[in-house]
Every structure is written in structure tokens, then in C-alpha cells.
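Here's a quick tour of the model on your screen, pockets and packing included.

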Amino acid sequence: MNHYNTDTICYADRPDYWREAVSRTFVPLDSMFSGEERSGQITSAMRGSLRISEIACSAQQVVRARRGADNYNNDVMLLSIVSAGSTCVQQAGKEAVIGPGALGFYDTRFPYALHLNGAARQHVVQIPISQLRRKLGYTDPLLARTFGERHPMTPFLCRLVETLMHANTLSTEQTAVITQQFIDLLTVILAEELSTKACASRHAEGLLLAIKAKIDQRLADPTLSSHDLAASLHISTRYLNMLLSKEGESFGRYLLKQRLTKAAESLRSPYHTTTPISQIAWQSGFNDMSYFSRTFKTHYQCSPSDYRADCRPST
């Protein structure tokens, strides 16, 4: 774990110390305390592909400038989970206030500003964009929006973050399991909230994100159809296919690609080393083993068993 605490720094040097601490923990940022109080603590740890940080600080402004974003090659989304105080996020021409119990995203590839008008405490999870895109596709509609305030599963997500934050004694395999549970639970919350909000506004970007999140939720269901999915979102099958076609996808092609990706992730996972390939195929939504083997080989240029063997760490 990494720790930073302004209590050990003389008052005059705290702004520079804090700016360096924030930039080292996240991405190059310009952080400025507001008012006379200059206090802050950060504890952060890598957990698999995620970096989880706990921050408690006094009022301040944080700016991610365009020059810093352009020159820093680290494509991650930041998920803020506020437990005390509030954080105002401004990005991509949008603004959202994240309060206690809420979730909010911002993208490190682009400029953004954070305004903390008083003392605040939050967890920030750094998630590789590629990991979110495998679940949700296009991520821009997530920016500067709040989620989860009233969702019954948000408290469970917060507890998972706490568990990961202090999971010093967990094995690599155990950490991977909890990390995947975190991503899956986050996807469920986003899918249900996006589908509700998107259906209310009929905003095409939000609906497309909701479609992909819903598909991810039901990958293991071999009976999933475009008709059922469209009905759950209260749109027509034709409109669903039209939204997917804007990204050069069809429902069937996108569903197959996501199922193959899920199967490949399981074959690579140390947690599934002894799981039969037939079970991995079934959990990924394939109920025909020969079809799974054939399509997997077409997509990855090798059989599922060879893929697993190639991904196995050497001893």
C-alpha cells in the first residue's frame, strides 16, 4: 500500500506535497486547496487490474488540463464512491454532483475538473477502459453522471471496495475473484439505471450502453434473443438492431463476440484452472460444445484447450 498524509508536512509545504501525492496516485493533476485548511490523506493499493484509493481531504479544486491528458498514456476511468461530503465533476461539457452513496465516473484521457467545497471522504477506483468496454462498449455516456444513489446493490458494491482495499492476505486467485465480482456488480447497477434513464429520455447513446450492459448481464442465458432484450428495454427489435448497426454490429454477432470474450477470460483465469472447458462454455452461454469449439477456434486461431495451455504460467 502507498500512504500520503499532510499531517507530517509543515503547513507552507502542504500544497506542493499534496499536488505530488495526488498526481502520483492517479494521473498528473493540478490540485489546489481552498481556504485556510490544508489537510489530506491518501491510502492506495493495486488489486489485480484495479487501483483502489481512499481519500480524505479538506476543500480543494482539482484540474486535469488538456496538456496533461494528451501527454499521459494511461487509459483508465476513475470511479468515485463518496461516503462523506460531495464532489462536483465537470467533463465533456457536463456536470454532476456526487454525494454520499452515489457513484460517478470521469475519464483520465480527457480534461476534467473536480470541485470539493468542503471536507470530503471517498474511494476512487481506477478501472482500465478496456475492461469497461468489454462489458459496456462505448463509455462516453458515463461521464459526469451519477449512478446508484437508490440502487439496492450499491451498498454491496461499497463493501466489496472496502474488502479489496484491505485484502492484504488474499491470494492472487482470491483477489481476482473479488475483482471480477466488483466489475460484474458495477455492470448490473449501470445496466439497470441506464436502461431506466435511457428509456425515459430515449437518448440513443444511453440506450446503446444499456443494451450492451443488459447483454453482459445475460451472457450465460442461451435463450437470450433480440426480441426479449428489446422488450425489457421497452423498444422495438428493429430499433435495437438499428442502434447496434451504427457501430457496425448486429445483435447475433455482438452477442457471440461477448460470449467468446467471456470464455477466453475464464480460460485465462487462475481461478478456473481446473474448471472443465465444457462448464466454461456453458457459463458463457454456449449449450453446444462442438459449436463453441468451432467458433472459438475461428476467432482465436486455436482450440480452447490450446488457448488455456498457452496462457498457463510457466513453472
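## The largest pocket

Eight nonpolar, 15 polar and seven charged residues make up the lining of the largest pocket (nonpolar is Ala, Val, Leu, Ile, Met, Phe, Trp, Tyr, Cys and Pro; charged is Asp, Glu, Lys and Arg; polar is the others, Gly among them). The pocket holds about 960 Å³ of space. Ala176, Gln180, Asp184, Glu265 and Ser269 are the closest to its centre, out of 30 lining residues. A pocket here is an open set of points on a 1 Å grid over the protein atoms alone, with protein on both sides within 12 Å along at least five of seven lines; a cavity is a set where a 1.4 Å probe fits but cannot get out, and lining residues have an atom within 4 Å of a point. Points are joined across faces, edges and corners, and a volume is the space filled by probe spheres set on them.

Which elements give two or more residues to this lining? They are helix H3 (129-136), H5, helix H6 (204-217) and helix H9 (251-268), and H5 has the largest share with 10 residues. Helices (H or I, at least four residues) and strands (E, at least two) are DSSP runs, numbered from the N terminus.

## What sort of model this is

This is a predicted model, where local features need pLDDT of at least 70, side-chain atom pairs count only at pLDDT 80 or more, and totals for chains, interfaces and linings use all residues. Residues are numbered from 1 along each chain as its sequence is written, and side-chain values use heavy atoms, with hydrogens and water left out.

## Overall build

The chain has 12 helices and 12 strands. Its radius of gyration is 21 Å, close to the 20 Å that the globule rule gives for 315 residues, so the chain is as compact as a globular protein of that length. That radius is taken over C-alpha atoms, and the rule is 2.2 Å times the number of residues to the power 0.38. Along the principal axes, the C-alpha atoms fill a box of roughly 70 × 55 × 35 Å.

Among contacts (heavy atoms within 4.5 Å) between residues at least 6 apart in sequence, 70% join residues at least 24 apart.

## Nonpolar cores

A nonpolar core is a set of buried Ala, Val, Leu, Ile, Met, Phe, Trp, Tyr and Cys residues joined through side-chain atoms within 4.5 Å. The largest has 48 residues, and Leu79, Phe105, Ile127, Leu142, Phe182, Leu186 and Ile211 touch the most other members. Helix H5 (residues 172-201) gives the most to this core, nine residues. A second, separate core of 24 residues includes Ala21, Phe33, Cys57 and Val62.

## The largest cavity

There are two cavities of 30 Å³ or more, and the largest holds about 180 Å³ of space. Phe26, Ile55, Val62, Leu114 and Gln122 are the closest to its centre, among 16 lining residues. By class, that lining has 14 nonpolar, two polar and no charged residues.

## A strand residue on the outside

Glu95 sits in strand S8 (residues 94-98). Is it buried or exposed? At 52% relative accessibility, Glu95 counts as exposed.

Note on methods:
Buried < 20%, exposed > 50% of the residue type's maximum accessible area, 1.4 Å probe, protein only.
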